[in-house]
Amino acid sequence: MRQSLREEKAIVRELGLRRRDALSIAARAAASAAINDRILSVLADRPTVSAAGYLPIRSEVDPRPAMAALAARGIAVAVPAIVNADLVFRRLDGTEGMERQGFGTYAPGAGAEQLDPDLLIVPLAAFDLACGRCGYGKGFYDRAIARLAQGGRLLTIGVAFDAQRVDHVPMEAHDRTLDMIVTESAVHRPSTAPGP
Ligand SMILES: Nc1nc2c(c(=O)[nH]1)N(C=O)[C@@H](CNc1ccc(C(=O)N[C@@H](CCC(=O)O)C(=O)O)cc1)CN2
Ligand SMILES: Nc1ncnc2c1ncn2[C@@H]1O[C@H](COP(=O)(O)OP(=O)(O)OP(=O)(O)O)[C@@H](O)[C@H]1O
């Protein structure tokens, strides 16, 4: 049972990544712009102390315009770094040089301020309308969300292109649905998903 769930998830992951890679650079840029606008309208009147985005790799949605707009509102903005095989979130304020984190990702060095964000903008490989997601398969975000959610208020916003939607993301016990998934055409919430 467990093995087949893993295998099913791997298939869904490959499908989402393949469809994301197949989008043209121009299509990704246009869709990313729409996604950034939508993220900012969703957050317009939500009090946020600190937010984590990410620096895009490969064909990921580029959330940097939304991160910059949040920073301009005085919100502390961080990106993930990998420490002891877990994510920590380091503030991007230009005071610390960037370091390679592996897998083509970068983050400010260990001297940067470490934050526990109350808003998480989450990259993903594939999602479904119930706001299930899967990433690159290392469980980094699953563990980070589990940890940050213990601290109280946490809003998780997945960002993806419409093309990354699949019928169903197989969910393991540790998987959490996101609070919303923002694409170029919609904001999906678990409450608005059609029933099973
Ligand atoms: N832009 C962005 N940053 C991000 C993530 C992401 O999904 N997107 N992450 C989301 O989780 C974390 C990094 N995720 C990683 C996911 C997989 C491997 C990984 O597979 N490493 C292989 C080596 C693969 C290679 O270098 O080609 C390994 O450990 O064996 C590493 C980091 C944090 N930063
Ligand atoms: N909360 C957790 N506690 C302990 N281990 C976990 C937790 N979440 C995930 N893991 C481990 O991480 C592994 C990979 O998880 P999964 O396949 O869900 O990754 P993913 O969602 O694709 O990746 P990511 O979260 O990095 O984007 C799981 O098999 C599990 O062993």
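Which helices and strands each supply at least two residues of the shell around ligand 2?

1. First, the ground rules. This is a predicted model, where local features need pLDDT of at least 70, side-chain atom pairs count only at pLDDT 80 or more, and totals for chains, interfaces and linings use all residues. Residues are numbered from 1 along each chain as its sequence is written, chains are lettered from A and ligands numbered from 1 in the order in which they are written, and side-chain values use heavy atoms, with hydrogens and water left out.

2. Back to the opening question: α1 (2-22), β9 (133-134) and α4 (140-150) each give at least two residues to the shell around ligand 2. Helices (H or I, at least four residues) and strands (E, at least two) are DSSP runs, numbered from the N terminus. The most comes from α4, with 5 residues.

3. Ligand 2 has 17 residues around it, and Lys9, Arg13, Arg133, Phe140 and Asp142 come nearest; a residue is near if one of its heavy atoms lies within 4 Å of the molecule.

4. Now for the polar contacts of ligand 2 (pairs of N or O atoms within 3.5 Å). An oxygen atom of ligand 2 lies 2.8 Å from a polar side-chain atom of Arg13. For Asp142, an N or O atom in the side chain is 2.8 Å from a ligand 2 oxygen, while Tyr141 brings a polar backbone atom 3.0 Å from an oxygen of ligand 2. On its own ligand 2 exposes 650 Å², and the protein buries 75% of that (Shrake-Rupley method, 1.4 Å probe).

5. Ligand 1 has 15 residues around it, with Leu55, Glu60, Tyr136, Lys138 and Tyr141 coming nearest. A ligand 1 nitrogen is 2.7 Å from a polar backbone atom of Leu55, and a nitrogen of ligand 1 is also 2.7 Å from an N or O atom in the Glu60 side chain.

6. What is the make-up of the shell around ligand 1 by class? There are 12 nonpolar, 1 polar and 2 charged residues. Both β2 (76-83) and α4 supply at least two residues of that shell.

Definitions and conventions: A polar contact is a pair of N or O atoms within 3.5 Å; within protein, one must be able to donate a hydrogen and the other to accept it, and residues adjacent in sequence count only if both atoms are side-chain atoms. Ala, Val, Leu, Ile, Met, Phe, Trp, Tyr, Cys and Pro count as nonpolar, Asp, Glu, Lys and Arg as charged, and the others, Gly among them, as polar.
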